[in-house]
Structure formats: structure tokens, C-alpha cells
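Please look at the sequence and the model together before reading on. The report below is meant to be followed with both in view.

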Amino acid sequence: NVYRSTTANFTPTVVNQIATGVSGTSYSDTSPITGGTTYYYEVHAVDSSNSAEEGNVVEKSAAPTGPVAVGSFTETFEAVGGFDNAGWTHSPVSGATDWAWSTAQSQTPTHSWFSDSLPSVSDRVLVTPDLVIQPTTTLSFFHTFAFESATTCFDGGTLETSSSGGPWTVMPDANFTAGLFTGTVSSSFSNPIAGKRAWCNGTIGAMTAVNVDLASFNGQTLKIRWHAGDDSSAEVTGWFVDSVSMTNVGSAGACTPSPVELLGVEVE
């Protein structure tokens, strides 16, 4: 039996069951799918003599795309609505405060995105569209920040990645070629990003560059996000991000209908 959902860690039911009685080690999903949407699959073995179904919880996921064109990706945050390219998102994770399109600081002409520092537990994210990483892909952006405390990392902002809709993980220190994180967020006052490497402290001023080598993600369809977190007290200013660019990166075109194949499925 094959199950599919657009939600990770879903519960297989008759509602999301897309095939039964499949034999062999591959299956083509020919039901309607939407380009750029991540789909999660579970495959359960069924005893042919008594119809007993095992409870496998392993999921595999993929996002359908059209042809991938490799080139440069540039985002100045100047177009109407705040984004030059489609597919960007921003949202509060906890608390009500979101990232805001701002003219208070910028590296390219007039606008950047701003995460306001708060005196209460909260966090918010600014997220790229899907990008297909090549062996020589690099990322750069400019930012300026001022977070609570000049010595301890109470509030901060980190950079995270998600591959094909998988869990978010902090960018490894080893990938930075300029502008490395400045600390590790304190676990003392309930900051949602506690324990993560991040940019901390700081003073608002001219924006500085961050450069990241993404070769370790070669072949992966990646989203990248700027994740700001605040603890339970005090505030300073926050975090401005601008001028995101990537070299030698793949951007997926629009989908045309075709089946998704699950290969190498083994059941016992």
C-alpha cells in the first residue's frame, strides 16, 4: 500500500492512500501533483494471506519541478511587494511579529527586510524559493544587526537550510568564507533558537557581507532561511538583510505533467 501527503510525519489512512496491491520494487505516481510542492510518501507491506499491514513510519519526499536552468540568482528586495523573484516567503513562527519590508537600512538602492527585536519569546523566518545546488554554488548577502546584550547571546539570528522539504538545520561554520556567526544563542531565557550558532550582539551600521560555500549541498533542492529569535526580556533593534545573490545555482522551471517514480522499494 502506498500513501502520500503534503505534510511531513503524516498518519497513513484511507484518505491519503493512493495505491493498493502494488507488487515489485517501483511505483509511478500518476495522480495529480503540483509543481514545487513537497510530497511525502510511505510504503507499507501487506500480508497477502490475511491482509495484515505493517506499520512502517519511514517517509521519503520529493518536489516535482520543470527543467532546471543553471545561472546566477540575484535578489535586491526592490520590486513591488518586496521580492524580485517569485517563491520567497516570510512568517512568524511564534509571536505575532513578522519580517517587514523596510527602507530604514539597505545595501542596494532603498529596501531591505527587517526583523524587529522584541522583549518577549518569539521567532520569525525569511525563506528563499527552492534552489538546486551545483558543485560550485555560492551564496552571499549583506546584513547589519543589533541584538540584546553586548557580551551574551540572548537574542540572535541564524541561517538555516532545508533539503527537499526536510528538517531545518543550521548552516555549518565550515561553509562560511566570510561573515561567520558570532556566537551561540543562550539557553537561559526560552529563546526559540537557543543552542544554535547565530549572529549576536552587534551595532546597526553599514551592511557587511556574508559569503557561504554551498558545495556540500551539491545535487540537493534547497531552501535557505534567515531565522531570528528573541528571549523573554529586553530588546535592542533587530536585523536587516539585503542583497542576496547566488552563483552557479539551478532554478527549476514550471512543471509539465509526468509521473513521480518511487524506486528501490523493498517490502518484507
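## The chain as a whole

The structure shown here is a predicted model, and its protein chain holds 20 strands and zero helices. Along its principal axes, the C-alpha trace of the chain spans about 70 × 40 × 35 Å. Of the 268 residues in the protein chain, 41% are buried. When contacts with a separation of 6 or more are considered, 75% of them are made by residues 24 or more positions apart.

## The disulfide

A search of the whole structure finds one disulfide, and the two residues that it joins are C153 and C200, with a distance of 1.8 Å from S to S. The angle about the S-S bond is -60°, and the link of C153 and C200 is left-handed. C153 lies in the loop between β11 (131–146) and β12 (156–163), whereas C200 lies in the loop between β16 (197–198) and β17 (208–213), so the pair ties together parts that are 47 residues apart in sequence.

Are these two cysteines buried or exposed? Since a residue counts as buried when its relative accessible area is under 20%, C153 is buried because its value is 6%, and C200 is buried because its value is 3%.

Two other strands pair with β1. Strand β4 (residues 39–43) runs antiparallel to β1 and is joined to it by four bridges, with V2 standing opposite V43. Strand β2 (residues 17–19) also runs antiparallel to β1, and here two bridges join the strands; in β2, the bridge partner of V2 is A19.

If neighbours within four places in sequence are left aside, V46 is in contact with N1, S51, A52 and E53. V46 and G21 are 25 residues apart in sequence, yet their C-alpha atoms are 8.0 Å apart in space.

## Two residues with positive phi

Which phi value does A234 have, and where does this residue lie? The phi of A234 is near 65°, which is a positive value in a residue other than glycine, and A234 has its place in the loop between β18 (221–230) and β19 (238–252). At 36% relative accessibility, A234 counts as partly exposed.

S243 is likewise a residue other than glycine with a positive phi, here near 50°. S243 lies in strand β19, and at 8% relative accessibility this serine counts as buried.

Note on methods:
Residues numbered from 1 in each chain as written. Predicted model: local features only at pLDDT ≥ 70, side-chain atom pairs only at ≥ 80, totals over all residues. Heavy atoms only, no water. Disulfide = S-S within 2.5 Å. Buried < 20%, exposed > 50% of the residue type's maximum accessible area, 1.4 Å probe, protein only. Pairing = 2+ DSSP bridges. Contact = heavy atoms within 4.5 Å.
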